[in-house]
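Please find below a short note for a colleague who is new to this structure. The points are numbered and may be read alongside the model.

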Amino acid sequence: MAEELERQAIEAFKEDEFEQAVDLYTQAIRLEPSNAGFYVDRAWANIKLENYTDAVADANRAIELDPSLAKAYLRKGIACFSLEEYQTAMAAFKAGSVLDADNSKFKTWIDKCDARLVEEAASDGRESQSVSPAADNGPVAPVSDNGLPNVASEQLTFRDNNNNNNNLGEPLEPTKPKYRHEHYQKPNEVVVTVFAKGLSKDIVNVEFGEQFLSIIIDVPGEDNYVLQKRLFAKIMPEKCKYSILSTKLEVRLAKAEAIHWTSLEYDKKQAVPQKSNILSGAEIQRPTYPSSNTKVRRDWDKLEAQVKKEEKDEKLEGDAALNKLFRDIYQDADEDTRRAMQKSFIESNGTVLSTNWKEVGAKHVDGSPPQGMEMKKWEI
């Protein structure tokens, strides 16, 4: 059945019915979710439809299923190139060229990436460097006006469909999101939050590109959660990070430029954003406080700092000095130390004050009166 769907998809592709081809490959994937070839061909159909983020997802899935499939790296590279993710595209093309050194298409695309990266470097005012060797590896594949290879140069063929590794999860099909996500931004970063409980590192895959974010949550026995966006503006992948918490997945995107993002996702209709006026720490004004006295303007921050300095420099004696010492210890202590101080003081009726939680937490703290005195229990 899957082979018949594949045959129909190839026929639809030849007739430029790319949407139908995507649908047929999707049906085939449902029947054989571990067939890497189906994802590779659906990726190509998505590229023809300019669904580049979907194409990247399909190519990534194919690479997971079969890391030796050179064509999967080619598809990923072309999709990333179309998303202006030139560094990511370059890495994909280079990986594919290692697997299939005789395929001249990789050389063609590596050169194209190299040229775009040089242009970007020049436009940014940086000294550009070539990121790939300029050696001639033979004739190049024909390329159409839109920068993609001609359909004639990309023949779809039947493959061996006996790959039955079912431990690699379900297909990355577009499904209704089962987790809610939202985002907010700071001057230098955008924080994306996916609200999902009980996640673990082995089922979460987060990838960062120059202007691309991919989040895949592969819960066993359920459809994958997929959040893949071409971002509003470029980011610095090497500085991006994510954290898996008990109730959510938090992704921090480091902005390449300090501009205000009007949305998370890129939109051609939006105007080019202008750089925001970000103040340094010294320039940021703290709020002023209202006063009924309009003649005298007081610097409340200065007064606060002065009071704190006087409290710190105040010389205390006797019990006052001792109490201040205990307050300072408690204020600067970690959570376990505070718990130990509270528990020991209460259980000993104020005669013991310990900072060792390992010792105090394991037993009841008995009172220890000063020498020459004794403990008495008062009953009311």
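1. Cys 113 touches Phe 81, Tyr 86, Ala 89, Met 90 and Phe 93, leaving aside residues up to four places away in sequence. These contacts belong to a predicted model. Phe 81 lies 32 residues from Cys 113 along the chain, yet their C-alpha atoms are separated by 7.4 Å.

2. Cys 113 sits in helix α7, which covers residues 104–123. Its relative accessibility is 0%, so Cys 113 counts as buried, the cut-off being under 20%.

3. Helix α4 comprises 14 residues, 52–65. From first C-alpha to last, α4 reaches 20 Å, close to the 20 Å expected at 1.5 Å a residue.

4. How much of α4 is covered? The helix is mostly covered, with 11 of its 14 residues buried. Among them are Tyr 52, Asp 58, Asn 60, Arg 61 and Leu 65. The buried residues of α4 pack against the helices α3 (36–48) and α5 (70–82), and against the strands β3 (204–208), β4 (212–217) and β5 (225–230).

5. A nonpolar patch on the surface is formed by Leu 325, Phe 326, Ile 329, Phe 345, Ile 346 and Leu 353. Together these residues have about 530 Å² of accessible area. Helices α9 (318–332) and α10 (335–347) each supply at least two residues of the patch, and the largest share, 3 residues, comes from α9.

6. Is Ile 346 buried or exposed? This residue of the patch lies in helix α10. Its relative accessible area is 62%, and therefore Ile 346 is exposed, the cut-off for that term being over 50%.

Methods:
Residues numbered from 1 in each chain as written. Predicted model: local features only at pLDDT ≥ 70, side-chain atom pairs only at ≥ 80, totals over all residues. Heavy atoms only, no water. Helix = DSSP H or I, 4+ residues; strand = E, 2+ residues; numbered from the N terminus. Expected span 1.5 Å × (residues − 1). Buried < 20%, exposed > 50% of the residue type's maximum accessible area, 1.4 Å probe, protein only. Contact = heavy atoms within 4.5 Å. Patch = residues over 30% accessible without salt bridge, like charges linked within 9 Å, V, L, I, M, F, W, Y side chains within 5 Å. Areas by Shrake-Rupley, 256 points an atom, 1.4 Å probe, with all protein chains shown as cover. Salt bridge = Lys/Arg side-chain N within 4 Å of Asp/Glu carboxyl O.
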